[in-house]
Amino acid sequence: MQKTAAALLENTDIAPYAYTQAGGRADYLAIPKSLDELQELLDWAKEKDLPVHVFGRLSNLVVRSGGLRGLVILMTELKAVSAVGEKLTAQAGCDIIWLAAIAQDKGLSGLEWAAGIPGSVGGAVFMNAGAYGGQADMVVESVTALMPDKTLQKFGRDGLDFGYRQSVFQKNGGVIVEATFALKKKDKRLIQEKMDENNYARALKQPLSWPSNGSVFKRPEGYFAGKLIMDSGLQGTSVGGVMVSTKHAGFMVNVDHGTGNDYEDLIHLVQKEVFKNYQVNLEPEVRIIGDR
């Protein structure tokens with residue numbers, strides 16, 4: 001049923017779009033190709049009094065099996081990148097991996113840590129993503145967001161309220177539209193070497209052959225989540241089709257048509273066992289949303 005310039009899919013499975021390959025159905029799902037289409041979708045949802053969920057690559061996210069009510073917007077077609085001097089500006093739907101590759105091609109350093117991270121620029125900013133000694137707040141100079149009052153607002157570094165896997169956009173309702181990254185000139189070969197080193201370490205340690213969200217839990221102070229899970233004997237433990245990885249205990253992988261509920265139930269099981277053994281509360285890094 002066509003209600004906006006962007007095609008609206010009704011009662012659509014979320015799983016095919018998600019890194020976990022799990023999740024229920026969305027009442028409506030749309031993928032805008034322009035900022036005008038994005039605004040039109042937001043206006044339509046407001047007119048219909050529907051909740052709105054805006055995502056990039058649906059990574060770092062568990063959607064429960066009951067799905068999501070209202071409108072799901074995927075930003076994956078808003079992916080343009082521009083360069084001025086030592087700065088790159090990317091739309092929210094741009095893959096952060098692709099942006100890291102562009103930076104390397106231009107001899108710009110600062111995104112080597114992102115070379116193998118699944119997800120979009122918007123998601124990386126929203127969650128202040130990071131790996132291998134780098135993270136978004138080290139290079140993000142400014143972010144433009146579409147605010148609930150329909151205005152485009154630009155946030156400088158001081159207004160982004162970055163923290164560990166946190167940003168201001170988790171509180172203010174803004175939809176990230178684009179971000180500018182301040183990078184530094186460096187020899188392309190050295191940048192590529194660092195990216196290759198990170199990706200080799202990732203392939204060596206992480207279960208990349210199975211659908212997953214990457215690291216499930218935040219690092220508890222004074223500990224490593226993966227080691228606590230491993231030492232609790234939980235590797236290979238499964239709920240439904242989702243299993244604690246035998247390669248990296250901090251990962252949960254979809255090995256047999258696992259569901260969003262399987263992911264959530266396994267997260268709770270791991271939290272319970274680790275607390276029982278070590279009195280440490282593991283806080284999920286992934287967001288868990290939707291209906292059971």
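How many aromatic pairs does a search of the whole structure find? The exercises below start from this point.

The model is predicted: local features need pLDDT of at least 70 and side-chain atom pairs count only at pLDDT 80 or more, while totals for chains, interfaces and linings use all residues. Residues are numbered from 1 along each chain as its sequence is written, and side-chain values use heavy atoms, without hydrogens and water.

**Exercise 1. Classify the aromatic pairs.**

Step 1. The search gives two aromatic pairs. Rings of Phe, Tyr and Trp (its six-membered ring) pair if their centres lie within 6.5 Å; planes under 30 degrees apart count as stacked, over 60 as edge-to-face and the rest as tilted.

Step 2. For Tyr 28 and Trp 44, the ring centres are 5.1 Å apart and the planes stand at 85°, so this pair is edge-to-face. Tyr 28 is in strand E2 (residues 25-30) and Trp 44 in helix H1 (residues 35-47), 16 residues apart. Helices (H or I, at least four residues) and strands (E, at least two) are DSSP runs, numbered from the N terminus.

Step 3. For Phe 155 and Phe 169, the centres are 5.1 Å apart with planes at 75°, so this pair is edge-to-face. Phe 155 belongs to strand E12 (residues 152-156), and Phe 169 to the loop between E12 and strand E13 (175-182).

Step 4. Buried means under 20% relative accessible area, exposed over 50%, partly exposed in between (1.4 Å probe, protein chains only). Phe 155 is buried because its relative accessibility is 9%; Phe 169, at 3%, is buried too.

**Exercise 2. Describe the surroundings of the annotated active site.**

Step 1. An unreviewed UniProt entry lists Arg 165, Ser 215 and Glu 285 as "active site". They are spread over 121 residues of sequence, yet the largest C-alpha distance is 11.9 Å. UniProt positions follow the numbering used here, feature names are shortened, and annotations may be inferred rather than shown by experiment.

Step 2. Ser 215 lies in strand E15 (residues 212-215) and, at 29% relative accessible area, is partly exposed. Beyond four places in sequence, its contacts (heavy atoms within 4.5 Å) include Asn 60 and Glu 285.

Step 3. Glu 285 sits in the loop between helix H6 (260-278) and strand E19 (287-289). Glu 285 is buried because its relative accessible area is 12%.

Step 4. The side chains of Glu 285 and Arg 165 form a polar contact of 3.4 Å. A polar contact is a pair of N or O atoms within 3.5 Å; within protein, one must be able to donate a hydrogen and the other to accept it, and residues adjacent in sequence count only if both atoms are side-chain atoms.
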